[in-house]
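Have a go at each task before reading its solution.

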Amino acid sequence: MKYFDYLKEADQEALFFRRPEPFSKTTEREVLRGGLGGLLYTPGSSRTIASMLLTRKVRDLTALSICLEDSVGDLERVEAMENVGQQLSQVRDGLERGLLTPDSLPLIFIRVKSVSMLEEMADLLVRHSPVLTGVILPKVTADSLAAGLALTEEIHRQCKDPFYAMPILESAELMTSGDRLGLLRALRDQTDRFFDRVLNIRVGATDLSGVLGIRRRRDTTVYQVGAVAGCISDVIRVFGPEDRYTISGPVWEYFRPVEQAMESGQWAEIEGLLREVSLDQQNGFCGKTCAHPAQLLPVQAAYGVPWEAWQDASAILEGDRDWKGVLSSAEKNKMNELKPHALWARRVLRQARFFGVYRPEIGIPNLFRTACKGGAA
């Protein structure tokens with residue numbers, strides 16, 4: 001897979017100084033963890049999952065979560081589990097028949113409801129591991145996370161390719177705990193035990209908001225909801241240092257196709273999403289959960305690295321720290337400190353590997369116009 005690979009060769013050349021590089025589920029974990037971009041959720045009850053993948057109906061799709069938790073009703077969950085097995089069988093059959101190649105298959109994760117469901121589905125996950133990248137563990141507690149990661153490790157041992165877990169920090173306990181930092185450190189102790197099996201740490205802002213009966217408006221980012229923002233800040237404080245873990249941003253509930261917005265001039269949903277993705281990145285997140293295919297292009301366009309940021313990051317990592325502490329940026333508009341900015345610079349270059357580096361004076365609007373109209377940037 002490669003981001004924006006549906007664009008014409010000339011358009012990619014016009015947009016990107018450095019183009020996005022290809023990746024797949026077998027890409028080294030340390031690299032792959034920064035490449036999920038928009039993770040699209042779809043209900044496990046959907047009968048069109050396989051056809052969507054085999055026909056590449058969603059052009060921006062690079063990572064998919066097939067959900068057997070909140071997006072599935074309690075009374076349909078058993079049927080949905082059976083359907084997931086059927087859909088994965090069809091996808092695997094398509095892979096074996098050459099309708100898909102391993103390199104064109106999106107990263108596919110199964111979001112289970114509980115550890116007991118993961119245990120129940122373990123054999124199915126091993127059987128269909130050629131088309132799966134891992135599982136998502138929602139609403140984790142210290143106990144459920146330990147059990148879920150141990151099961152993930154056991155499934156991984158039976159698979160040819162890597163098999164990962166992505167825990168979601170979104171429990172009511174996390175929102176209301178009087179010792180949230182202690183709780184988060186206990187969760188980190190568990191992820192540290194199974195470090196190689198944890199691809200991302202994810203945050204569920206909708207569930208955290210729901211504990212307090214809050215739903216944010218389209219003009220309000222999650223960072224403006226004080227109680228939730230405080231919880232997110234603590235997650236970053238515990239899991240963010242030293243860039244050991246990639247933490248992915250929470251879902252934005254509103255959507256409108258970019259093409260429709262360009263025709264109608266109704267940009268509220270897209271502007272809100274872009275504003276929150278910008279704040280995600282400013283706060284140390286990488287990637288975002290997506291509730292609708294229309295959100296994928298804005299999220300992934302927003303992760304394209306600006307030319308100036310790439311220049312700065314490259315200079316910081318190439319600088320001689322023994323002889324220099326600070327450099328003037330190439331644009332002569334800011335200082336680049338070699339030590340404090342080093343982690344930031346490494347993250348920028350990892351991001352550039354997946355999402356590309358825009359040419360000078362090129363950015364999100366140019367990519368929107370090109371992707372929607374097929375015109376030159």
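**Exercise 1. Where does glutamate 361 lie, and is this residue buried or exposed?**

Step 1: Glutamate 361 sits in the loop between β12 (357–358) and α16 (364–373); helices (H or I, at least four residues) and strands (E, at least two) are DSSP runs, numbered from the N terminus.

Step 2: Judge its cover. Glutamate 361 has a relative accessible area of 79%, so it counts as exposed. Buried means under 20% relative accessible area, exposed over 50%, and partly exposed in between, with a 1.4 Å probe and protein chains only.

Step 3: Check the backbone. Its phi is near 70°, a positive value in a residue other than glycine. Most residues other than glycine have a negative phi.

A note on the source: this is a predicted model, in which local features need pLDDT of at least 70 and side-chain atom pairs count only at pLDDT 80 or more, while totals for chains, interfaces and linings use all residues. Residues are numbered from 1 along each chain as its sequence is written, and side-chain values use heavy atoms, leaving out hydrogens and water.

**Exercise 2. Describe the phi and the setting of glutamate 242.**

Step 1: Find glutamate 242 in the loop between α10 and β8.

Step 2: Read its phi, which is positive at about 65° although the residue is not a glycine.

Step 3: With a relative accessible area of 61%, glutamate 242 is exposed.

**Exercise 3. Is valine 131 buried or exposed?**

Step 1: Go to the loop between α5 (115–127) and β5 (134–137), where valine 131 is found.

Step 2: Valine 131 counts as buried because its relative accessibility is 1%.

**Exercise 4. What lines the largest pocket?**

Step 1: Define the pocket. On a 1 Å grid over the protein atoms alone, a pocket is an open set of points where a 1.4 Å probe fits, with protein on both sides within 12 Å along at least five of seven lines; lining residues have an atom within 4 Å of a point.

Step 2: Count the lining. There are 29 residues, of which Gln281, Gln282, Trp344, Val348 and Gln351 lie nearest the centre of the largest pocket.

Step 3: Trace the elements. α12 (268–282), α13 (296–302) and α15 (342–355) each supply at least two lining residues, and α15 gives the largest share, five residues.
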